[in-house]
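Here are some notes to read alongside the model. Have it open and follow the points in order.

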Amino acid sequence: MAENSKEDFLQLIKRVGAFFTVKISNLLRRLDSRSFGAVAGLALAIIFTWRLLRAPRGQQRRQPKRQESSGSSSGVNSRASENAGSSEVFTPPENPTTQNVIDEFFQPPTLSQIVRQRLSEGRKVTCRLLGVILEENSPEELQKQATVRSSVLEVLLEITKFCDLYLMERVLDDESEKNVLLALENAGVFTSSGLVKDKVLFCSTEIGRTSFVRQLEPDWHIDSNPEITTQLARFIKSQLHVSPEKLERPAANVFTTPSLEQFFA
C-alpha cells in the first residue's frame, strides 16, 4: 500500500510540473502589461501548492521522534511494539480533502471568469458591430444582409451578464438598421442576455460613433477602425482593437487581437 501511495504522490508531482510548464509557456507567448500580475499570482500559487504537498511529509518526520522517546522508557517489549507502530506511521496517509483542494486548484477557469479577468471587472462596454460581432465589414454590405458571427456569440452573451453593453454602427439607411436588429434577434442576443434593442445605436458617420463612445464613457471600447481607436485612446480607460493587423505604436491602454473570441480564449 505504501508503494501505491508513493506512486500516486509521484504522479501528482508530475501533474503539477506539467501544469506549471504549460501556464508559464502560455504567459511567455502572450506577455503584455497585464501578464506581470498573472506571473505574480502564479508564483504565489506555486508556493501554496508546494507547502500543501510538504505538510504531510513534515508530520511524518516528527512522528518517529515521539515514538523513539516513548520506546526508550518502556523497555525492549515496548520498543518492539513501537517499531511495529512506526511502520504504520511511515505509510503515507490518504487525505481526500487535500486531493480535492488540489483538483479544484487545477480546474481550468470558466469563460465567465476569463471575461471578468480580461475586462478587469469593467462594468460598461461599448462595441462596434462591423468586423467584430458581424461577419460583414462595411456599411454597404449591411444594406443587403447582416450576419452574427457564431464564434463570438458565447463571449458576447457572457459580457452582457455583468457589463452594461452598448453596440453601435454606422449605417447608410433604415433598411440596414432593420437587417442588423433582425440578425441580433435571430441569434438570441435579446432573449438570452441583458441586452435590449435600445442599446443598439446607429449613426450616419464615424464621427457620430466616436461621439457615442465619449458620451457613454465606457470602461472598455471595442473597435476595428484604427483611426477611431487612436482618437479615443486619450479619453477611454481601456480599448480593444480587433483586427488581423496589429496597430503601429498603440497606446498603453490599447490591446490588439485578431478576433473578440481569441482575446478571451
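1. Start with strand 1 and strand 2 (residues 164-170), which pair in the parallel sense over 5 bridges. Val 125 has Leu 165 in strand 2 as its bridge partner. Two strands count as paired if DSSP finds at least two bridges between them, and helices (H or I, at least four residues) and strands (E, at least two) are DSSP runs, numbered from the N terminus.

2. Before going further, some housekeeping: this is a predicted model, where local features need pLDDT of at least 70, side-chain atom pairs count only at pLDDT 80 or more, and totals for chains, interfaces and linings use all residues. Residues are numbered from 1 along each chain as its sequence is written, and side-chain values use heavy atoms, with hydrogens and water left out.

3. Zooming out, the open sheet is formed by 6 strands in the order 3-2-1-4-5-6, with parallel pairing. At its edges are strand 3 (200-203) and strand 6 (254-257), each pairing on one side only. On average, neighbouring strands are turned by 20° against each other, direction ignored. Helix 8 (residues 174-186) packs on the sheet, touching strand 2 and strand 3, and its direction makes about 160° with that of strand 3. Axes here are lines fitted to C-alpha atoms, for helices over the stretch in contact, and angles run from 0 to 180 degrees between N-to-C directions.

4. Is Thr 126 buried or exposed? Thr 126 counts as buried because its relative accessibility is 0%; the cut-offs are under 20% relative accessible area for buried, over 50% for exposed, and partly exposed in between (1.4 Å probe, protein chains only). This residue is found in strand 1 (residues 124-128). Not counting residues up to four places away in sequence, Thr 126 touches residues including Tyr 166, Met 168, Val 213 and Trp 220, where contact means heavy atoms within 4.5 Å.

5. Now look at strand 5 (residues 238-242), where 5 of 5 residues are buried. Ser 238, Leu 240 and Val 242 cover one side, with Gln 239 and His 241 on the other. Strand 4 (residues 220-223) runs parallel to strand 5, joined by 4 bridges, and Asp 223 stands opposite His 241.

6. Thr 229 lies in helix 10 (residues 226-232) and is buried, with a relative accessible area of 1%. Leaving aside neighbours within four places in sequence, Thr 229 is in contact with Asp 223, Gln 239, His 241, Leu 247 and Val 254.

7. Last, the rings. There are 3 aromatic pairs, taking rings of Phe, Tyr and Trp (its six-membered ring) with centres within 6.5 Å; planes under 30 degrees apart count as stacked, over 60 as edge-to-face and the rest as tilted. The rings of Trp 220 and Phe 263 have centres 6.1 Å apart and planes at 55°, so this pair is tilted. Trp 220 in strand 4 and Phe 263 in helix 11 (residues 260-263) are 43 residues apart. Ring pairs link Trp 220, Phe 255, Phe 263 and Phe 264 into a cluster.
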